[in-house]
Amino acid sequence: MTTNDSHPMTTGTIRVQRMPRWFTGRSELFVVAGVLILATWMLIGTVTMEVPDGAAFPGPQFFPTLVCVFLYAVGIALAIEVLRTPQRQHVGDDPVEISDEMLRDLGSIDATSEIRVVSPEDYAATPTDAAGSAASGSDHKTVLITIAGFAGFIVVLPFVGWLISAAALFWVIAWAFGSKRPLMDIAIAVIISSVVQLAFGAGLGLSLPAGFLGGIL
Amino acid sequence: MDQLGHLMEGFAVAFTPQNLLFLVIGAVLGTAVGVLPGLGSAMAVALLLPVTFSLDPTGAFIMFASIYFGGLFGDSTSGILLNTPGNSSAIATTFEGHRMAKDGRAAKALGTSAIGAFIGGTIACILVVFFAPAIVQLATIFGPAEYFALAVFAFVAISAVVADSIVRGLVSLGLGFALALVGIDGMTGTERFTAGSPVLFDGISIIVITVGLLALGEVLHVGSYIRRSGGPGAVVAPKGSPMLNAREWRQALPAFLRGTAFGVPFGAIPVGGSEVPTFLAYGTEKRLAKRRNDPDFGTRGAIQGVAGPEAAGNATAGSAMGALLGLGIPTSATAAMMIAAFQQYGMQPGPLLFERSGDLVWPLLASLFLGLIILLIINLPFAAVWAKLLLIPRHYLYAGISVVAMLGIYAIASRTVDLWMALGIGVVGLIMRRFALPLAPVLIAAILGPLAETQLRRALAVSEGDPTILVSSPITVVLYLLLAVVVGVSVLQHTRHTVKRRKTDKADALVR
């Protein structure tokens, strides 16, 4: 762990990295845009809602209106926060549910006496820190392959059936996540998807699509 | 002592072979997801929820509850052996636990953590059984305004108080409300945000939301760094006996009890689960060690530093079950998933649950005790076996999660449109993880949001639109005042840290 000693102590819940470029630190403005678009979409939906006659005061539009106002307010507040403190780019592995600072206060954690708890992200961050922050961002290629794998699975599922499409999904994700043995993965993938079909299809009675295999088997 | 009679009847139901089987399955699954870093019991319940539709509800809930407890038993294993906590609930244990492991006392640390989890969980469950009638009494004085106040408390506490940034927590909360609003309004039959599509008339299934956010979002997020990671570090092999000797018991027992005392109250209030009490317990043990000049704490690893946080963690799970069943308030992401499970079976947790579904609640409470015993048996002697799970290659793990997630979503209604929605929500989950937006507020808002809306509209309908009804009773006033105090403290705390960070930034700039 000697290579990590220069890092600030973290609890593993939160990674806040300081990003050098203006845009990287402020890419969260996309999130702000998303929140404002969602709020606007809800505003339109609320205004154009076809309310049946005779609905009493706290009608179906009441709560959506509150949520709309709330979303606009937090969207603007987030924009202000992002512009004021742009360094809060998060590259951690854990969902950030709890304030890191609060936990440090509660546990009277100080940077010297606690051993540094590592998370999978640290293994990623350690080598790239030396190479600069450019490489410590997201691995877009793997993410896109994974999304494409899911999308492909959803498209082919009704046609080729559960056995083949689930095995293919397993194989694609194992491969995208760095498996070195693609041939053995085929066997593992087929076994997994068959076991799932047997356990949940035959055992618990879920109806899984058989696809064209249904005609043959 | 009416509740003891109920509990005994509950034990009779829990002891049937079928329910015992679900209990053991849940305990094994829970420990497994606890041991594996990155998987949580909330995700496990989300994945299992759709595939357990065909089960009898009692068996399903017994299984979910033992997954919840099992996750808290297993999470310390990888923290102690690998210095990588299985879940954030085990971070506080890891500090001293990994030190003990490096000192050659890994088995002892694992044993302490299993015993601590057992003691904390058992004491909390006893308290829940003891206080259950008092909680049920609340049913008679809780009206729509009180329920709405309770829901507001849960929303604000989970998003504003504990999140890293208040604004980010609230953004997540708003997103959860928006997701929950889609569908036909139950009170008037109005279509809301369905874009005229019949697919959305029933709303977005809570399973689509939770599996999308927790499972698909996690798979995508792991994908964003796994190829750049160097793989897990070296696992410390646990050697020796996990059992504590008399001297170690004398050291650990007070820490177990102190940890439990922190955990029980925090389980009942919605502050995100076991992180806060485990850190409080750790901080207390640290201060006490300093006071008695303990040379081990912070060097070789002290047994108290493992015992306190572990007992605190499982004690929260016990009282969280109480708050969940008695008040219908989810205090953590896993508890929110349990509420979603109740709703799937057409039940609403809350004071009425004990009256309406006593035949489910008491066996469930009884099975918590049995589950803790089973978990102690499968964790105390076999911790080294569980540690073998850490050797599963992570690409197979996440490929497997993907397949099970797709299976679960397809099982809701056998239609692919649910899969597309879940994939979209999974991408949202990835973006949220990237930008430090917490996930628990989304779950809580999506699950409790419809309930809060109904209670708000009922309250306002009774008062004919007069909003003062919301603060008309002492309970509501107390709840809102308490909330104001909590938010005030949290804002102060955030401000203090921001000021400190600004100062260090300035100092850094001067040095350069």
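Leaving aside its neighbours within four places in sequence, which residues is B:Ser473 in contact with? With those neighbours left aside, B:Ser473 is in contact with B:Ala145 and B:Glu146, where contact requires C-beta atoms, placed from the backbone, to lie within 7 Å.

Before I go on, some conventions. This is a predicted model, in which local features need pLDDT of at least 70, side-chain atom pairs count only at pLDDT 80 or more, and totals for chains, interfaces and linings use all residues. Residues are numbered from 1 along each chain as its sequence is written, while chains are lettered from A and ligands numbered from 1 in the order in which they are written.

On confidence: the model scores ipTM 0.86 and pTM 0.86. Chain B has a mean pLDDT of 86, with 97% of its residues at 70 or more; pLDDT is the predictor's confidence in each residue, from 0 to 100.

Back to B:Ser473. It sits in the loop between α19 (440-462) and α20 (474-511) of chain B. Helices here are DSSP runs of H or I, at least four residues, and strands are runs of E, at least two, numbered from the N terminus. B:Ser473 has 16 other C-beta atoms within 10 Å, so it is partly exposed; 20 or more would be buried and 12 or fewer exposed, with C-beta atoms placed from the backbone. B:Phe142 is 331 residues away from B:Ser473 in sequence, yet their C-alpha atoms are 9.8 Å apart.

Next, a helix pair in chain B. Helix α4 (residues 57-82) and helix α12 (residues 303-327) pack at about 170 degrees, their axes 10 Å apart. Axes are lines fitted to C-alpha atoms, for helices over the stretch in contact, and angles run from 0 to 180 degrees between N-to-C directions. That angle makes α4(B) roughly antiparallel to α12(B), because angles over 145 degrees count as such. On the α4(B) side the contact includes B:Tyr68, B:Phe69 and B:Leu72, and on the α12(B) side it includes B:Gly313, B:Asn314 and B:Ala317. The contact residues divide into six nonpolar, three polar and one charged. Nonpolar covers Ala, Val, Leu, Ile, Met, Phe, Trp, Tyr, Cys and Pro; charged covers Asp, Glu, Lys and Arg; the others, Gly among them, are polar.

Last, chain A. Its secondary structure comes to eight helices and two strands, in the order β-α-α-α-β-α-α-α-α-α. Of its 217 residues, 39% count as buried.

Key: Parallel < 35°, antiparallel > 145°, perpendicular 65-115°, else oblique. Contact = placed C-beta atoms within 7 Å.
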